[in-house]
Amino acid sequence: MLSIHTRIARRQLLRHTTHRLLSRRDFTIAIDGPAASGKSSTARAVAQELGFGYIDSGSIYRCATLLALRQNITDMGEGSASLADLISHAKVDIKVRPSTSHQTPSLGRLAVPEVQVLLDGEDVSREIRTPEVNRLVAKIASDSGIRQAVLHIQRKLAADAESRSTTSRSADANDMPGGVVMDGRDIGTTIFPGAELKIYLDASAMARAIRRWDEMNQMKDVTAQKPAHDPKASVAPAAVYPSVEEIARELETRDYADINRENSPLRIAPDAVVIDNTNLTFAQQVYTITDLARERMGLEPKHSDC
Ligand SMILES: Nc1ncnc2c1ncn2[C@@H]1O[C@H](COP(=O)(O)OP(=O)(O)O)[C@@H](O)[C@H]1O
Ligand SMILES: Nc1ccn([C@@H]2O[C@H](COP(=O)(O)OP(=O)(O)O)[C@@H](O)[C@H]2O)c(=O)n1
């Protein structure tokens, strides 16, 4: 005969387990849009706010491009199969470091987690954002073999991130499902067509070019501030940093290639919510998305006043 305490404890355990199983529903947020429209910074902040995992799908295409540059594969006719083979055997890791401080002053009161991209264990976070990679990445990403290889990496990273977000959830967040936020070009249309929330983020071409220019200049300042004994401290020559006009041209060329390619072009999914953030603050765009997500999860919105 079980004591009353044991029975109560068992009932509580059963209720807790049932609740956890029910709350293990996965919630996927897809954020697509043109270059420098704010996808990755927004996705990272949204993921942090909701306690979800985050995947930057562009960084996987950038890793494939870095491999292509290192192996001198620039002809997607002949090199396609060997590059697809290289990327599918490589280990791509996207590590998110939660942030409590404001790393980007222009983003105001919201903290944006830092992301580290590892390619076979090597930190390539900076190397995948060089002008050389920017120039080649859309060509590499237009190849169907490469896209197929990247798709497997994306889905695996998403499954890992989702399960981490569910198991690391604190007790008071038990009413929230686990989830993942992924940003890119075809997340809502091809990778996760069943995503619970799809966002198409856009901004004017000039706003995007100026933001990217600011970002590059901030990076230049950070590099310049590094102590002299740091082997990575060497400041790149000024010529490496393009003007706003050059950045605008590069973004336009890349967007044109992404919109007009045959495989998984950049499109607005019919069920996506379009957000033009040209005149929005960063907090406004993040809270619009987290409130939409909360609503669809059956929870109270938190920031309807901002
Ligand atoms: N609403 C906004 N106002 C001002 N700057 C923004 C806003 N949203 C994003 N940014 C900044 O724009 C730059 C490009 O954003 P990012 O997230 O890298 O874009 P994407 O991932 O689409 O290329 C970043 O420096 C980011 O901090
Ligand atoms: N889901 C995705 C993500 C990126 N890409 C490709 O990868 C490139 C780099 O993506 P990114 O998201 O890092 O680019 P930014 O918007 O950050 O400049 C894009 O221009 C696309 O060519 C893609 O084809 N599909």
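**The shell around ligand 1**

By class, the shell around ligand 1 consists of 10 polar, 5 nonpolar and 4 charged residues; Ala, Val, Leu, Ile, Met, Phe, Trp, Tyr, Cys and Pro count as nonpolar, Asp, Glu, Lys and Arg as charged, and the others, Gly among them, as polar. The model is predicted: local features need pLDDT of at least 70, side-chain atom pairs count only at pLDDT 80 or more, and totals for chains, interfaces and linings use all residues. Residues are numbered from 1 along each chain as its sequence is written, chains are lettered from A, and ligands are numbered from 1 in the order in which they are written.

In total, 19 residues surround ligand 1 (near means a C-beta atom, placed from the backbone, within 6 Å). The closest are Gly38, Lys39, Ser40, Ser41 and Arg211. Three helices, H2, H8 (205-224) and H10, each give at least two residues to this shell (helices are DSSP runs of H or I of at least four residues, strands are runs of E of at least two, both numbered from the N terminus).

Take H10, which covers residues 282-296. Its 15 residues should span 21 Å at 1.5 Å a residue, and the end C-alpha atoms are 22 Å apart, which agrees (the expected span is 1.5 Å times one less than the number of residues). Gln285, Val286, Tyr287, Thr288, Ile289, Thr290 and Ala293 are the buried residues of H10 (buried means 20 or more other C-beta atoms within 10 Å, exposed 12 or fewer, partly exposed in between, with C-beta atoms placed from the backbone). These buried residues pack against helix H2 (39-50) and strands S1 (26-32), S7 (197-202) and S8 (273-276). Just after H10, Gly298 has a positive phi of about 80°.

Thr28 is buried because 21 other C-beta atoms lie within 10 Å. Leaving out residues up to four places away in sequence, Thr28 touches Gly179, Val180, Phe192, Ala195 and Glu196 (contact means C-beta atoms, placed from the backbone, within 7 Å). Thr28 and Ala158 are 130 residues apart in sequence, yet their C-alpha atoms are 9.2 Å apart in space.

The loop between S1 and H2 holds Ala36. Ala36 has a phi near 60°, a positive value in a residue other than glycine. Most residues other than glycine have a negative phi. Ala36 is also buried, because 24 other C-beta atoms lie within 10 Å. Asn72, in the loop between H3 and helix H4 (80-89), likewise has a positive phi of about 60° although it is not a glycine. Asn72, however, is exposed, because 8 other C-beta atoms lie within 10 Å.

Of its 306 residues, 36% count as buried. Among contacts between residues at least 6 apart in sequence, 74% join residues at least 24 apart.

How values were computed:
Contact = placed C-beta atoms within 7 Å.
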